[in-house]
Amino acid sequence: MYDQGRREEQVSILFADVVDSSRLYTTYGDGEARRMVGACLATMAQVTNEQQGQVVKTIGDEIMCTFPTPDQAALAAVQMHQRVQEQARAGALHNTLSVRIGLHHGGVVREGGDVFGDAVNLAARMAALSKAHQIMTTRATVEALTGGLRPLARFVDQSTVKGQHGAFDLYEIVWNTSEATLASSGIRPRTLEQTVRILEVKLGERAWTVDLEHPVLTLGRSSQCDILVDDTRASRLHAKIEYGKERFLLRDVSTNGTFVQLEDGRARHV
């Protein structure tokens, strides 16, 4: 017999949890730690409502939400990080609080206020692979993003999910850039009286640009990186060049480190 309370739909599932909450309980005691975690979850629930999402449930230090579209889920993830950071700086949240977020868009079964299915498991896996201040998602979700959100996504690596065959591409949504702030606030960048900063990266006869429109450039041995480094000493994802807060940053994420040659000819190990 068909259960009228059970329906299938396409949604974006988001998991977010407070990083290292066990340390809070050890340091501040159960009552105060519970208050701190609860305030953080309430902040993320408010962002969820602002993006027309629905809080499915909260479990301990984790919140699970659904959104009609990947754009709304990605915007909510960006704003969750930004809001937690802003409130921590203002003293409304404890200054050590940070969150990690994972999301995925796919088919689910909704029943009794909860959602089930492989898409839920994959979203949970994204959160598990995420670190503090990160947003992790899948290629399928990235390909469904529109407008100014898709350029925020950068390939990280390939991973697997228990119970599913094969590997999938893992992406990070870079939220701490000027472009992410504009996207999350709905403000279009100014076209006049604006300082333009551009970094050109060259390898052989090819060239890449890092700027406000393309704030992250990835380098590594994986074919999914922007710049493919065909060297066994390079990691699959070796380094990132990021633009934000009016400056360029080389971020090493490799196993062996990165050597940078300065203008005076000296080499520095990062």
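Modeller: What follows is a set of questions about those labels, each answered from the predicted model.

Colleague: What makes up the protein chain as a whole, in helices, strands and buried residues?

Modeller: The protein chain has 6 helices and 16 strands, and of its 270 residues 45% count as buried. Among the contacts with a separation of 6 or more, 57% are made by residues 24 or more positions apart.

Colleague: Why is Phe67 called buried?

Modeller: Phe67, which lies in strand S3, has a relative accessible area of 1%; the label buried requires a value under 20%, and therefore Phe67 is buried. Leaving aside neighbours within four places in sequence, Phe67 is in contact with Val11, Ser12, Leu14, Thr48, Gln51, Gly53, Gln72, Ala73 and Ala76. Gln10 is 57 residues away from Phe67 along the chain, and the C-alpha atoms of the two are separated by 9.4 Å.

Colleague: How do you know whether Thr43 is buried or exposed?

Modeller: The relative accessibility of Thr43 is 5%, and because buried means under 20%, Thr43 counts as buried. Thr43 belongs to helix H2, and when its neighbours within four places in sequence are set aside, Thr43 is in contact with Arg83, Val84, Gln87 and Leu93.

Colleague: Which residues touch the most other members of the largest nonpolar core?

Modeller: That core holds 34 residues, and those touching the most other members are Leu14, Met44, Met80, Ile101 and Ile135. Two or more residues each come from strand S1 (6-18), helix H2 (30-50), strand S3 (62-67), helix H3 (70-90) and strand S4 (99-111). Taking Met80 as an example, and not counting residues up to four places away in sequence, Met80 touches Leu14, Ala16, Met44, Val47, Thr48, Cys65 and Ile101. A second, separate core has 11 residues, including Val11, Ala119, Ala123 and Ala127.

Colleague: Why is Gln52 called exposed, and what is its phi?

Modeller: Exposed means over 50% relative accessible area, and Gln52, at 51%, is therefore exposed. Gln52 is found in the loop between H2 and strand S2 (54-59), and its phi is positive, about 60°, although Gln52 is not a glycine. Most residues other than glycine have a negative phi.

Colleague: Why is S7 said to be largely enclosed by the rest of the structure?

Modeller: The reason is that 5 of the 7 residues of S7 are buried. S7 runs antiparallel to S8, with 6 bridges joining the two strands, and Asp157 has Leu170 in S8 as its bridge partner.

Colleague: How do you know that strands S9 and S10 pair?

Modeller: At least two bridges are needed for two strands to pair, and 5 bridges join strand S9 (residues 199-203) to strand S10 (residues 206-210), therefore they pair, and they run antiparallel. Leu199 stands opposite Val210 in S10, and in this hairpin, with 2 residues between the strands, Gly204 takes a positive phi near 65°.

Colleague: Which residues lie closest to the centre of the largest pocket?

Modeller: The largest pocket contains about 560 Å³ of space, and of its 21 lining residues the closest to the centre are Lys131, Gln134, Met136, Glu172 and Lys240. S7 gives the largest share of the lining, 4 residues, and the lining divides into 9 nonpolar, 6 polar and 6 charged residues.

Methods: Residues are numbered from 1 along each chain as its sequence is written. This is a predicted model: local features need pLDDT of at least 70, side-chain atom pairs count only at pLDDT 80 or more; totals for chains, interfaces and linings use all residues. Side-chain values use heavy atoms; hydrogens and water are left out. A nonpolar core is a set of buried Ala, Val, Leu, Ile, Met, Phe, Trp, Tyr and Cys residues joined through side-chain atoms within 4.5 Å. Buried means under 20% relative accessible area, exposed over 50%, partly exposed in between (1.4 Å probe, protein chains only). Contact means heavy atoms within 4.5 Å. On a 1 Å grid over the protein atoms alone, a cavity is a set of points where a 1.4 Å probe fits but cannot get out, and a pocket is an open set with protein on both sides within 12 Å along at least five of seven lines; lining residues have an atom within 4 Å of a point. Grid points are joined across faces, edges and corners, and a volume is the space filled by probe spheres set on the points. Ala, Val, Leu, Ile, Met, Phe, Trp, Tyr, Cys and Pro count as nonpolar, Asp, Glu, Lys and Arg as charged, and the others, Gly among them, as polar.
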